[in-house]
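Trainee: I am new to this one. Could we go through it together, term by term?

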Amino acid sequence: MFAVLYLPQFPLQAALRHEPELWTGPVALVDPARTPSLVCGLTDPARQRGVSEGLTPTQAMARCGDVAIRHRSSAQEAAAHQAILQCAWGFSPHIEATAPGVFTLDLRGLACLSGNDPEGMVSWAAQVRAALECQHLRARIGVGPTPNLSRHAARWGAGIEIVSDAAAFIGSLPVAALEPSSDVAAVLQNWGIRNVGELLALRPEEVVDRLGLEALALFAAASIHVTRPLNLARPPECFDEAYEFEDAVETMEPLLFILRRFVDPLSHRLALSGLAAERLILRLRLDSGEVLERRLAIPRPTRVADILFRVLHTHLETLRTDSPVKALALTADPCRPEQKQLGLFEAALRDPQQFQETLARLTAWLGPERVGNPVRENTHRPDAFRMLPPDFENAPESSGPNPDSLPVPIRRFRPSVPAEVRTCGEDNAPVYLKCTVAQGKLKRVVGPWLVSGDWWQPCAWEREEWDAVAGEKVLRLVRKPDGWFVEGILD
Amino acid sequence: MVTQAANIVQLRHLLAGRFPHLRQGLPSARPVETVPTGVGALDDLLAGGLPRGECTELIAAGAGSGSAQVIHGLLRRVAADGQFLGLVDGADSFDVNAVEPFVLARLLWVRCSRVDQAMKAADLLLRDRNFPILVLDLKLNPAGQLRRIPSSTWYRFSRLQEQNPCTVLVVTPFPLVGGAACRVRVAAGLGAEDTGLAPGQLPGRLRFHLVDQAGAEAEPAFRAG
């Protein structure tokens, strides 16, 4: 058995995927690749108001003043094509992209459809339609014994058409279902042939003598026995969505609206593929032509739509552009979701996804160098560390240097406070300090401790450290090649 | 008169149940769970440690008070217990060098430069509900910025703690936190000679004084009858 997914007016559906509310109003789709641009698709309300294919946009607006003009977009059609393949993959591993908006599925071997139970097939087809509706796409589905019959069923059926009696079904179809040329269609009409059944009642060789080789194609299209191998397609592991605004937008709200329309279908497609998103790539094309690209890492891969949307929302809150935004595209980099079993006695995060969201918000607001888990660098230079995303679940057990071998904790000033220091004596000990932290004669100084490192590298450093008492404060004074600094205070 | 007295007692019990962290002059109905700080003197003073799920203010006035030693001690104790801790550093003053790597691995460090950043970060972490312990270090922030913190902020924090029992330690240079379950003043008078001590010896130099504690038996504000 085969199933065909037929999406009527596929270019228009692709263009309105992220604006499904426009289907209830008059919309005309214009192909900008043609000169002049002509209407190539329209919604039912537009058709009822007198707009038709082949009109120019101006003519369409003259017939229907409030018709919304949308431009055909190859990027949006490609995204819709990807989405349909990925949805179909969740229902059958054998898929063919037969034509734009037409997909053929081989149902052989599907356990849920064993026994050719019509009710089971209707239920299965309803699930496929529901999955496509999550992607804001409407499809008609035909199920039959051959790809040809299934395609006819999808095109000429109501919504879900199951072909149980192939001969009766093909015989009831109009001749137009076989797509004859206008000349042949006129001849058949003159002969009084109204449906395929009447055509098949004629002797094929006599029809070929009168109509030529095209008649052979008509009989082949009407065949209920011939099946063909599918040219199988594998859905790409890329999850893209794109949208171009009719008018450039200057505020965040329209961007968020469209991004939410992106995130929900992407999340659904990831779920059907059994994948999660480890990174989001947001591309904004500005009115000036500049393209801004931002790669947003997701610390814990997920496909939950709310979390993905909040990552985007947090980033957009801090984004400023010089020009309005004309188009945007979103790509989700897929990966296998994490599978980890925690130990029974390990302290774990109560809600890891909530924590990642909090971390993303703090990082977006303060910067990645301001939030995270400090890790000391492999150097003796004091206060050398880098910030990494926290990973509490893989934190090492208690080990490491004896705590008594570590220095006494101080409160550090970042950046170090420049100071004017007067010295005296053979060891040039500081005796007077002037800086924003303290000023005056130093009551007592302890030191110096000479520290240096990385001398074999361009970033070689050297320091002379003193502990000095200024008033009631015990300060860490440091002399470097570029002067004196107060690095911290004992507290 | 007897009816009025009974109504007053009933009202006091109702208030105590609704706002347990406020002082009502009533004895605590249940024993308070504590979170050990790793600083012996402080744990002894607080009968075990910081009250779990409550806000404790550590007033560290002046220089050399020892508040950084308390934070490091708490961090080591939390790591030894296998937990993790969030530190909102109001002036980016945490000393990474003085902590073992395995302890750092259990720390989320939020480096702020202003009080408003620190308060917002603390608000986010309290709403996160993942951290059992949160330290808000405002010791080095300017007094002018600290005084501009609306008092409603602390009230909002206590409401968040009601929903999520996170133990909060706020380190301040002067009394600041409205509605803190416990206020402790720390003083040590650390001097230059203390820089040569081992870190484990320093907590013994710290002196703590309990300023205020909710639920402590005290003379009731008024008597019934």
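Trainee: Where is Asp383(A) found?
Mentor: In the loop between strand 13 and strand 14 of chain A. Bear in mind that this is a predicted model.

Trainee: Why is Asp383(A) called partly exposed?
Mentor: Its relative accessible area is 22%. Buried means under 20% and exposed means over 50%. The value for Asp383(A) falls in between, so the label is partly exposed.

Trainee: What makes Asn428(A) worth a look?
Mentor: Asn428(A) also has a positive phi, near 50°, and is a residue other than glycine. Its place is the loop between strand 15 and strand 16 of chain A. With a relative accessible area of 35%, Asn428(A) is partly exposed.

Trainee: How do you know that Arg381(A) and Asp454(A) form a salt bridge?
Mentor: Their side chains meet at 3.9 Å, N to O. The cut-off is 4 Å, from a side-chain nitrogen of Lys or Arg to a carboxyl oxygen of Asp or Glu. The Arg381(A)–Asp454(A) pair is within that limit, so the name applies.

Trainee: What makes this a link between distant parts of the chain?
Mentor: The two residues are 73 residues apart. Arg381(A) is in the loop between strand 13 and strand 14, and Asp454(A) is in the loop between strand 18 and strand 19 of chain A.

Trainee: Are Arg381(A) and Asp454(A) buried or partly exposed?
Mentor: One of each. Arg381(A) has 34% relative accessibility and counts as partly exposed. Asp454(A) has 11%, which is under 20%, so Asp454(A) counts as buried.

Trainee: Which residue forms a salt bridge with Arg386(A)?
Mentor: Glu377(A), with the closest N and O atoms 3.2 Å apart. Arg386(A) is partly exposed at 36%. Glu377(A) is partly exposed at 32%.

Trainee: Which peptide bonds are cis here?
Mentor: Among them is the bond that joins Arg414(A) and Pro415(A), with omega about 0°. Another runs from Gly447(A) to Pro448(A), with omega near 0°. Most peptide bonds are trans. Pro415(A) is in strand 15 of chain A, and Pro448(A) is in strand 18.

Trainee: Now the two chains. How many residues are in contact?
Mentor: 59 residues of chain B are in contact with 54 residues of chain A. The area buried between them is about 5,000 Å², and carbon and sulfur atoms give 59% of that.

Trainee: How many salt bridges are counted between chain B and chain A?
Mentor: The count is 5. One joins Arg370(A) and Asp92(B) at 3.5 Å, N to O. That distance is within 4 Å, so the pair qualifies.

Trainee: How do you know that strand 13 of chain A and strand 5 of chain B pair?
Mentor: Pairing needs at least two bridges. These strands have 2 bridges, so they pair. They run antiparallel. Gly372(A) stands opposite Trp109(B) in strand 5 of chain B.

Trainee: What about Arg114(B) and Asp116(B)?
Mentor: They form a salt bridge, with the closest N and O atoms 2.9 Å apart. Arg114(B) is partly exposed at 39%, and Asp116(B) is partly exposed at 44%.

Conventions:
Residues are numbered from 1 along each chain as its sequence is written. Chains are lettered from A and ligands numbered from 1 in the order in which they are written. This is a predicted model: local features need pLDDT of at least 70, side-chain atom pairs count only at pLDDT 80 or more; totals for chains, interfaces and linings use all residues. Side-chain values use heavy atoms; hydrogens and water are left out. Contact means heavy atoms within 4.5 Å. Buried area is the accessible area (1.4 Å probe) that two parts lose on being put together, summed over both. Helices (H or I, at least four residues) and strands (E, at least two) are DSSP runs, numbered from the N terminus. Buried means under 20% relative accessible area, exposed over 50%, partly exposed in between (1.4 Å probe, protein chains only).
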